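Please look through the sequence and the model shown here before reading on. The paragraphs that follow lead from the charged pairs to a residue in a loop.

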Amino acid sequence: LDEPTNHLDIATKELMEEALRAFPFTVVMASHDRYFLKRVASRIVEVSDRQLVDYEGGYAEFVGKNESRAAKEAARDILVKEQGSKVKAKSKMTKAEKAAIKKEKAKNFAGGKAKGKASKNAKRWN
């Protein structure tokens, strides 16, 4: 399963969790949903430096055995909590806010400089 929870609502995620926990066979999945992995996974196989690293136990055991990963996860959780109140869902933004974000992305993509085609091409030919 590739990112099985991406487009599911909460009730459907819970139903999928129950079904996977009751499923007696092996399921291979890739997911960034840590909560889902904590609830479902009983074994983690990590791909690292072109090698497979096998961790028996669930996601909590995997993180516990890999201390550097645990530190990164903790730092990320703190960052997400700090920024959580600052982040606004796109569906809650006004058209002006969306336009400003789009303009900022375009500016950053261009390297922060307002370049026109004429000046860009003039530099090429001179």
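A residue counts as buried when its relative accessible area is under 20%, as exposed when that area is over 50%, and as partly exposed in between, with a 1.4 Å probe and protein chains only. By this scale Asp77, at 33% relative accessibility, is partly exposed. The model is a predicted one, in which local features need pLDDT of at least 70 and side-chain atom pairs count only at pLDDT 80 or more, while totals for chains, interfaces and linings use all residues. Residues are numbered from 1 along each chain as its sequence is written, and side-chain values use heavy atoms, with hydrogens and water left out.

Asp77 takes part in a salt bridge with Arg34, at 3.0 Å from N to O, where a salt bridge is a side-chain nitrogen of Lys or Arg within 4 Å of a carboxyl oxygen of Asp or Glu. This pair links distant parts of the chain, since Arg34 belongs to helix α2 and Asp77 to helix α4 (residues 67-84), 43 residues apart; helices (H or I, at least four residues) and strands (E, at least two) are DSSP runs, numbered from the N terminus.

How many salt bridges does the structure hold? There are five salt bridges in the structure, and one of them joins Arg39 to Glu17, whose closest N and O atoms are 2.9 Å apart. Because Arg39 lies in helix α2 (residues 34-40) and Glu17 in helix α1 (residues 10-22), this pair ties together parts that are 22 residues apart in sequence. Arg39 is partly exposed, with a relative accessible area of 36%, whereas Glu17 is buried, with a relative accessible area of 3%.

Arg43 lies in strand β1 (residues 43-48) and Glu56 in strand β2 (residues 51-56), so parts that are 13 residues apart in sequence are tied together by the pair. Salt bridges that share partners bring Asp54 into one network with Arg43 and Glu56, and Arg43 itself, at 48% relative accessibility, is partly exposed.

The last stop is Ser31, which is found in the loop between α1 and α2 and is buried, with a relative accessible area of 15%. The side chain of Ser31 reaches the backbone nitrogen of Asp33 at 3.0 Å. Leaving aside residues up to four places away in sequence, Ser31 touches Glu3, Pro4, Thr5, Phe36 and Leu37, where contact means heavy atoms within 4.5 Å.

Note on methods: Polar contact = N/O pair within 3.5 Å; in protein donor to acceptor, adjacent residues only side chain to side chain.
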